[in-house]
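Hi,

Here is the structure I promised to pass on. Please have a look at it before reading on.

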Amino acid sequence: LAIAIAMLAPAIVALALFKLAPLASALLGSVQHTRFNVVTDSFVGLANYATAFASPDFLNSLGVTLLFTLVVNPVQIAIALGLAVLFTRGLRGSGLARTLMILPVAVPGAVACLIWGLALRPDGSVNALLAGIGVGSQPFLTDASQALPTLVLIASWIGIGYWTVFLVAGLYEIPVQYEEAASVDGAGFRQTFWHVTLPLLRRTLLFVLVADTVANFLLFTPVQVLTKGGPNGSTDVLMYEIYRQSYVLIDPNTALPEIVLLMVVTILVVAVEFRLLSRAGS
Amino acid sequence: MWLAVGVFMVPIAWMVLNSFRQTHEIVTVSGLSPDLFIPSAVTLDNYANLLNSDFVGALFRSLLVAGVATAAGLAFCSLAGFALAVIPIPYREALFALVVISFAVPTDATAFALLRLARGWGLIDTYAGLILPVMIDGLVIFLLRQSFLGIPHELSDAARVDGASWWRVFLRIYMPLAVPALVGGALILFITQWSAYLWPLLVVNDPQMYLAPIALTQAYQSQFRTIDYGLMLAGSTILTVVPALFLLPLQRYYVQSVAGTAIKA
């Protein structure tokens, strides 16, 4: 037992210091009033939460985050699933295709943002392409109505390759006999897909959905690098709102309840993810 | 199928090809022509300029941080995975759930709260601050434990009867048999660290300690200098090539490990 403790010690110490302590400290801080880094009132109850929920910026960021998540998750998963089905149909060269689809995983998020940021500039390559096929110049990230859809595009380019890896593996786990039996019974591709493949892929799909939701809920890099939450707050997701409250406005009384909310939601979603994992194990 | 793959490859191809182009050409091309991709004159100037800039230091720090975090993380994760898979301890399943859930909460979710503490602990602008909080990864513990569970326990029983210590069982029997999972875990840790953005951004204030992705985006956002697009794309290309060098030859292990966390179990 002593050995087991020694072996677990690094993980347990890291857990206590870097996960539990921050959570506890944020929870504590969120019920205290702070002024110029000094705690002026050691317990103010939920007053800070009331302030946060009365803040138009915070409410706006909740709305933006919700809208973004609702759009980006189905888009990413639908495309990743489509690709995964394509890649597992035994077409010639699908091995090479799968290898190439992993490449975006190697591209660091910050790099992906720079590429897209440069290409989507008003005078950038994408607009040059659009002009070539007779479409007028688009403002993309500089326009309040186009910025969020553009972020969906960028986040999808970053994420889809990764999720395809999971779904391809999930499809390979399905024994061929099921799909063969369906086609012997005269089911077409579409029928087989909806009634045989999809139900058998449910577990993998569920995992991808949950993990993808966490990833997109915590989206930060494209916003910080490309839009700073703008134009007009249209891309001010929760992560960036917290960043701004903490380091630009330096308002811990508003930032801490937001941080607590962020962590609690993430932990809940991750706990669901783990239940899915352990059920897959049994 | 190739059309779909092509759509995803275009931005990478655009980045690599344009990194060999004269800076002033990058943004000003217009119209639908091969010019968008093929530089009229291939130049290595961007890479030469990059080698003479602060970016080299940032690249070196990124390699150091990702390398150390991967090596130490793999050691600690495999120890924890082994203890939770093989050694009979009370409340093992509950402990396992606690460890995995805690570390499956991404660093990004706890980063803001952790930074408040990190200031008091003197971790700002230090390698310890960059590395320590991000070493251990819940999914890596999970996948290594699964791999250890797959090893017949008769092997460890026999060794224990012969008087081998748990350390010896771990090093001599379990580690060699878990090599595929270890390679996959190393890839996951390295790629995560190499791409990390939020925590390195928060914990470092001093530009002399910037990691490479931060150095690039800070230059991109600089309001005082004009942005050198050629330099940006050359730096981006290097940042992509490094993980790709590991990922492509070893992708089989990566796919198995990543997918194994979701499906196999």
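Below are my notes on confidence, the interface and the aromatic pairs.

First, please keep in mind that this is a predicted model. For chain A the mean pLDDT is 81, and 96% of the residues reach at least 70. Within that chain, helix H3 (residues 56-87) of chain A has the highest mean among the elements, at 88, while strand E2 (residues 38-41) of chain A has the lowest, at 70.

Now to the interface. On chain B, 90 residues are in contact with 90 residues of chain A. Together the two chains, B and A, bury about 8,000 Å², and 81% of that lies on carbon and sulfur atoms. Helix H6 (residues 107-120) of chain B supplies 11 residues, the largest share of the side of chain B that touches chain A. Sorted by class, that side of chain B holds 74 nonpolar, 12 polar and 4 charged residues.

Finally, the aromatic rings. Over all chains, the count comes to 20 aromatic pairs. One of them joins Phe82(B) and Phe148(B) edge-to-face, with 6.1 Å centre to centre and 85° between the planes. This pair links distant parts of the chain: Phe82(B) sits in helix H4 (residues 55-85) of chain B and Phe148(B) in helix H8 (residues 138-149) of chain B, 66 residues apart.

Happy to talk any of this through.

Best wishes

Notes
Residues are numbered from 1 along each chain as its sequence is written. Chains are lettered from A and ligands numbered from 1 in the order in which they are written. This is a predicted model: local features need pLDDT of at least 70, side-chain atom pairs count only at pLDDT 80 or more; totals for chains, interfaces and linings use all residues. Side-chain values use heavy atoms; hydrogens and water are left out. Contact means heavy atoms within 4.5 Å. Buried area is the accessible area (1.4 Å probe) that two parts lose on being put together, summed over both. Helices (H or I, at least four residues) and strands (E, at least two) are DSSP runs, numbered from the N terminus. Ala, Val, Leu, Ile, Met, Phe, Trp, Tyr, Cys and Pro count as nonpolar, Asp, Glu, Lys and Arg as charged, and the others, Gly among them, as polar. pLDDT is the predictor's confidence in each residue, from 0 to 100. Rings of Phe, Tyr and Trp (its six-membered ring) pair if their centres lie within 6.5 Å; planes under 30 degrees apart count as stacked, over 60 as edge-to-face and the rest as tilted.
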